[in-house]
Amino acid sequence: MLIIDNHSGERSLKHLELTAELTVVGGGLAGTCAAIQAAREGVKVVLIQDRPVLGGNASSEVRLWALGATSHMGNNNRWAREGGLIDEICVENTYRNPEGNPLMFDVLLLEKVKLEENITLLLNTAVFDADTVDDEIKSVSAFCSQNSTQYTISSPLFCDASGDGILGFLAGAAFRMGAESKEEFNEGMAPDEGYGHLLGHSIYFYSKDTGKPVSYTAPAFALKDLGDIPKYRKFDAKSSGTAFWWIEYGGRLDTVHATEDIKWELWKVVYGVWNHIKNSGEFPEAENLTLEWVGTVPGKRESRRFEGDYILTQNDIVQQNRHDDAVSYGGWAIDLHPSDGVYSELDACTQYHSKGVYQVPYRCLYSKNISNLFLAGRIISSTHVAFGSTRVMISCAHNAQAVGSAAAECLKSNTMPRDVNILDLQHRLLRSGQYIPQLDIASDPSDLAQLATISTSSTQSIESISMSDERVDLNCPYGLIFPVSKGRLPILTSYFTSEKEATVELQLRSASKAGNYTPDTILASQSHTIQAGENVAVRADFEYDCPIDQYLFFCIMPVEGVSVSLSNDVLTGITTAYHGQHKAVAKSAVQTVPEESGVESFEFWLPKRRKQGKNLAVTFEPALNPYSVEHLKNSYERPIHQSNAWVAAADDQSPKLTLNWENPQKLSSLTICLDTDMDHPMETVQWVHPERIMPLCVRKFTIANESGNILTEVSNNYQTRLTIDLPIAEYSTLHINFENDGDTPPSVFKIIVN
Ligand SMILES: Cc1cc2nc3c(=O)[nH]c(=O)nc-3n(C[C@H](O)[C@H](O)[C@H](O)COP(=O)(O)OP(=O)(O)OC[C@H]3O[C@@H](n4cnc5c(N)ncnc54)[C@H](O)[C@@H]3O)c2cc1C
């Protein structure tokens with residue numbers, strides 16, 4: 001076919017008009033999760049992303065590992081991995097891509113979106129205009145350079161997840177850029193001019209060993225004198241990607257409109273650094289290395305933050321304030337950087353953690369003056385200081401899930417974002433696996449498991465966390481973190497090895513705030529003299545009456561020349577921590593804070609990652625009973641206050657849960673929530689995870705009706721939550737039959753039936 005067009009007048013772009021119920025601008029992790037969540041709730045979504053793949057800073061274009069409240073396991077937020085959709089994505093990524101290949105993460109996000117029939121995805125399409133009447137956005141205009149098409153997308157609801165807030169900006173939504181004064185929100189961490197008011201951009205690079213010498217000629221624009229970079233001594237030849245987060249620049253500039261200039265400066269630094277590594281003679285180990293990849297899109301940290309009906313502050317984070325409209329949470333440190341970035345003499349970041357996770361209220365997730373505009377990602381309503389914590393990508397994604405569900409709630413009840421019924425939204429979110437810490441609400445009336453009597457073939461009690469041959473030297477404090485029921489604490493026996501007589505100090509600690517895992521309260525302590533020997537048992541009766549069901553720390557303090565026995569047992573809701581420092585996210589083992597900073601000093605107690613992470617071997621008299629079938633009906637799908645799990649007895653050959661209804665119920669689906677170790681951070685790229693499948697995850701089970709007929713069979717599962725369609729019918733009984741493979745009896749947090 002030949003097209004000859006001699007027309008000499010004006011031409012216009014191909015123009016397509018689309019309608020949706022929710023338009024999401026920006027396909028970073030926030031926009032992607034808002035879109036999928038809404039689509040799964042039945043909302044027709046158009047998702048507009050100006051780049052070729054999804055993921056934003058988590059994509060292969062930028063290559064940041066997405067993280068959230070787990071904070072690399074470097075703070076005291078136990079079992080804090082975000083729930084619901086973003087958990088599903090991270091678990092899937094860990095299964096498919098434990099090596100952290102960024103391309104695989106791109107593909108996973110693309111697959112997840114393409115599986116949703118309710119999503120129209122526009123890639124390579126940039127929003128550049130908005131039609132706003134009074135306080136309502138009517139449509140947005142976007143252009144795709146790949147198909148030379150202009151789009152107008154109309155919908156009753158919009159979500160800005162674009163990072164810089166292009167839609168909010170064009171629509172006239174109130175925003176802030178830069179740091180608040182200390183006085184405005186009483187924030188001790190509010191930075192001064194010298195530190196700077198904005199975080200800059202960064203560009204990463206990867207190198208590769210080619211097996212033979214490779215020469216390098218730097219481009220003319222590369223930085224000539226690395227002496228301009230105060231921290232250049234930190235460079236080494238073998239690091240790559242996320243290790244270079246501190247090659248940061250632009251915090252003194254307009255981080256929206258000066259982005260291209262900032263990128264050139266970062267390229268200048270990166271190519272100059274590589275020149276130094278290759279040609280200075282200081283890095284002979286770099287001889288065979290070549291630059292494999294340099295980012296072409298800078299990772300942006302900060303620009304506009306939009307104002308909602310509430311502005312989250314430092315005090316909300318540090319004091320872990322409760323909000324009636326909590327829909328999500330955060331748990332990364334308040335992580336601020338000097339605006340001069342790589343050219344600063346100051347530490348590349350200040351990171352101050354809270355003693356536990358903090359709630360994010362719904363009022364931060366919509367614009368205060370544009371009535372149909374949701375906010376998602378780093379632009380949510382927070383101060384500069386609070387943004388230092390909320391900005392990490394898994395937190396962004398988790399908040400955005402709340403936006404997706406809120407959009408569905410708006411459409412169901414024909415309301416604008418501000419008028420959403422919060423209880424309905426919270427129930428909707430819990431149904432999809434959202435974790436809202438410290439949420440205390442009535443059970444979900446649509447969950448028919450609440451009406452059932454749940455019985456079980458057995459329940460595990462723990463007489464001992466059995467001793468292996470392994471021991472650890474007591475060169476720092478170790479502590480078993482375990483749930484106890486109200487009443488007298490069992491006697492705890494641990495096992496020590498020493499070549500000479502020694503005194504071991506044992507402590508019983510708790511967190512001063514319920515739900516936290518910062519052991520800042522010493523409830524009791526004891527000293528025991530042990531004789532020289534192997535695995536010498538020390539019985540500790542703290543004579544402590546637990547006033548409530550809660551987590552306690554059984555701590556063993558350091559003593560030279562003594563080691564304590566470990567266990568290979570991996571148990572739901574029980575872990576062992578050491579008191580120490582994780583250098584990636586903390587400056588020392590004890591968070592020490594400047595006066596009047598408004599943050600708290602406390603000790604970090606950190607589990608080690610598998611495979612190193614092992615429990616202390618401890619015997620309980622009487623046995624610990626941390627698991628109960630009653631847990632299956634409460635609203636938590638992870639340990640908090642108690643294990644919240646049912647676990648079958650280790651010797652139960654046919655573990656089984658049975659749900660019985662007095663009156664037969666019409667059922668269509670069953671959701672089961674399993675243990676994929678919410679303590680394990682699932683960094684999305686670059687990090688190599690030791691397992692594809694989490695050790696306690698139930699792999700195989702069947703669901704049968706009252707006559708024992710199998711309705712469905714699940715095998716090879718590795719996901720946290722599974723929703724299984726049942727043949728729609730009236731049921732008075734459902735049996736869930738598990739396998740016991742010997743090592744890991746089934747562990748279940750929750751059953752939801754609809
Ligand atoms: C160097 C660096 C290190 C960091 N370290 C970490 C870390 O270790 N872990 C972590 O979790 N977080 C980290 N962060 C923070 C985190 O990356 C950001 O806060 C986060 O990406 C914000 O998510 P978002 O979805 O709001 O924005 P983004 O990830 O930026 O996504 C926004 C998307 O919107 C698209 N978009 C923009 N404008 C338009 C438009 N006009 N039309 C259509 N689409 C548009 C963009 O292309 C982008 O894909 C880091 C940030 C930087 C820069």
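Which residues do ring pairs link into a cluster? They are F221, W264, W267 and Y271.

## Basis of the model

This is a predicted model, in which local features need pLDDT of at least 70, side-chain atom pairs count only at pLDDT 80 or more, and totals for chains, interfaces and linings use all residues. Residues are numbered from 1 along each chain as its sequence is written, and side-chain values use heavy atoms, with hydrogens and water left out.

## Aromatic pairs

The structure holds 23 aromatic pairs. Rings of Phe, Tyr and Trp (its six-membered ring) pair if their centres lie within 6.5 Å; planes under 30 degrees apart count as stacked, over 60 as edge-to-face and the rest as tilted. Y249 and Y343 make an edge-to-face pair, at 5.8 Å centre to centre and 85° between the planes. Y249 belongs to strand β12 (residues 248-249) and Y343 to the loop between β16 (334-336) and β17 (350-352), so this pair ties together parts 94 residues apart in sequence. Strands (E, at least two residues) and helices (H or I, at least four) are DSSP runs, numbered from the N terminus. Y343 is partly exposed, with a relative accessible area of 24%; buried means under 20%, exposed over 50%, and partly exposed in between (1.4 Å probe, protein chains only).

The rings of F553 and W605 are also edge-to-face, because their centres are 6.2 Å apart and their planes stand at 80°. F553 is in strand β30 (residues 550-556) and W605 in strand β35 (residues 605-607), 52 residues apart. Both F553 and W605 are buried.

## Ligand site

Around the ligand there are 33 residues, of which D50, W65, L67, R391 and M393 come nearest; a residue counts as near if one of its heavy atoms lies within 4 Å. The shell divides into 15 nonpolar, 12 polar and six charged residues. Strand β5 (125-133), helix α1 (29-40) and helix α9 (393-413) each supply at least two shell residues, and β5 gives the most, with three.

A polar backbone atom of R378 is 2.9 Å from a ligand oxygen atom. The protein covers 93% of the 990 Å² of accessible area that the ligand has on its own (Shrake-Rupley method, 1.4 Å probe).

## Cysteines

The structure holds zero disulfides, a disulfide being a pair of cysteine sulfur atoms within 2.5 Å. The sulfur of C364 is 13 Å from the closest cysteine sulfur, in C396, too far for a bond. C364 is buried at 1% relative accessibility.

For C546, the closest cysteine sulfur is in C555, 14 Å away and too far for a bond. C546 is buried, at 3% relative accessible area.

Technical notes. Polar contact = N/O pair within 3.5 Å; in protein donor to acceptor, adjacent residues only side chain to side chain. Nonpolar A, V, L, I, M, F, W, Y, C, P; charged D, E, K, R; others polar.
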